[in-house]
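Hello,

Here is the structure I promised to send over. Please open it first, then read my notes below.

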Amino acid sequence: MISFRIEEIKVFTKKLFLGEDFDEFLLKEANVTTYNSFTIDGRIRQGFYSDDELEMLQIEDYSAWKTIRPICFSLIKGKKLPGSFHIHLQASPACMEDFLKECRMQHISVDQITGLYLHIRYEGGKLSCITGTSLAFFTLDKSLDMEWDEYIRLFLREKGIAAVQE
């Protein structure tokens with residue numbers, strides 16, 4: 001787990017809320033504070049979609065960020081800056097598979113990973129991104145953590161986001 005300080009907040013927030021740069025992620029939770037405090041639980045409610053809809057629309061356990069992004073943007077847009085926002089994104093199963101192939105981690109399967117996270121925190125005029133991983137088993141091996149940290153470092157660089165590791 002590492003933290004990146006985002007240097008160009010406007011560039012980052014434009015990519016996060018208006019662009020498609022983060023659309024490969026799922027939303028675990030979002031908290032936005034403006035004139036009120038808003039909390040969005042990204043978990044899909046069981047029974048809302050039929051089994052056919054779940055399969056046809058390829059709906060995961062959590063909402064896709066691209067689905068919730070316009071809602072979050074509507075909460076922060078305006079002349080005043082939000083007081084804060086915390087957005088907890090999780091890699092989709094497809095993203096996890098691609099990640100494991102890219103970093104050549106054959107000793108871990110997607111089923112053994114409970115989450116690859118990107119926590120975005122804006123507070124006190126500062127913006128940071130914090131990586132995180134969660135496995136379904138205990139291990140002292142931190143290679144998955146280090147690979148995910150590097151993946152996010154490269155992701156930010158490829159998206160043109162200036163970030164400094166804290």
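Which residues does Phe12 touch, not counting residues up to four places away in sequence? The list is Ile6, Phe22, Ile120, Leu127, Cys129, Leu156 and Ile161. Please keep in mind that this is a predicted model.

**The core**

Phe12 belongs to the largest nonpolar core, which has 42 residues. Phe12, Phe22, Ile87 and Ile120 touch the most other members. The largest share of this core comes from α5, with 6 residues. In soluble globular proteins, nonpolar side chains tend to be buried together.

**Helix α5**

Helix α5 covers residues 143–158. Its length checks out. At 1.5 Å a residue, its 16 residues should span 22 Å, and the end C-alpha atoms are 22 Å apart, so the two agree. Several residues of α5 are buried, including Leu144, Trp148, Tyr151, Ile152, Phe155 and Leu156. Asp145 and Asp149 in α5 are buried as well. Just after the helix, Gly160 has a positive phi of about 75°.

Ser143 also sits in α5. Is Ser143 buried or exposed? Its relative accessible area is 19%, under the 20% cut-off, so Ser143 counts as buried. Leaving aside neighbours within four places in sequence, Ser143 contacts Met105 and His107.

Ile2 lies in the segment before β1 (3–6). Ile2 is buried, with a relative accessible area of 14%. Not counting residues up to four places away in sequence, Ile2 touches Cys129, Ile130, Thr131, Asp149, Arg153 and Gln165. One of these, Asp149, is a buried residue of α5. Cys129 is also on the contact list of Phe12. Ile2 and Asp21 are 19 residues apart along the chain, and their C-alpha atoms are separated by 20 Å.

Ser84 is in strand β5, residues 84–91. Ser84 has 12% relative accessibility and so counts as buried. Its contacts, not counting residues up to four places away in sequence, are Asn31, Val32, Thr33, Tyr122 and Glu123.

**The pockets**

Rolling a probe the size of a water molecule over the atoms shows where empty space is left.

The largest pocket has a volume of about 510 Å³. It is lined by 21 residues, and the closest to its centre are Ile59, Tyr62, Ser63, Ala64 and Thr67. Three elements each supply at least two lining residues: β2 (25–33), β4 (63–64) and α3 (65–76). Which element gives the largest share of this lining? That is α3, with 3 residues. By class, the lining of the largest pocket has 11 nonpolar, 4 polar and 6 charged residues.

The second largest pocket has a volume of about 360 Å³. Of its 17 lining residues, Lys10, Thr13, Ile76, Leu81 and Pro82 are the closest to its centre. Here α1 (9–17) and α3 each supply at least two residues. The largest share, 5 residues, comes from α1. This lining divides into 9 nonpolar, 3 polar and 5 charged residues. Note that α3 supplies residues to the linings of both pockets.

Best wishes

Note on methods. Residues numbered from 1 in each chain as written. Predicted model: local features only at pLDDT ≥ 70, side-chain atom pairs only at ≥ 80, totals over all residues. Heavy atoms only, no water. 1 Å grid on protein atoms, 1.4 Å probe; cavity = no way out; pocket = protein on both sides within 12 Å on 5 of 7 lines; lining within 4 Å. Points joined across faces, edges and corners; volume = space filled by probe spheres on them. Helix = DSSP H or I, 4+ residues; strand = E, 2+ residues; numbered from the N terminus. Nonpolar A, V, L, I, M, F, W, Y, C, P; charged D, E, K, R; others polar. Expected span 1.5 Å × (residues − 1). Buried < 20%, exposed > 50% of the residue type's maximum accessible area, 1.4 Å probe, protein only. Core = buried A, V, L, I, M, F, W, Y, C linked by side-chain atoms within 4.5 Å. Contact = heavy atoms within 4.5 Å.
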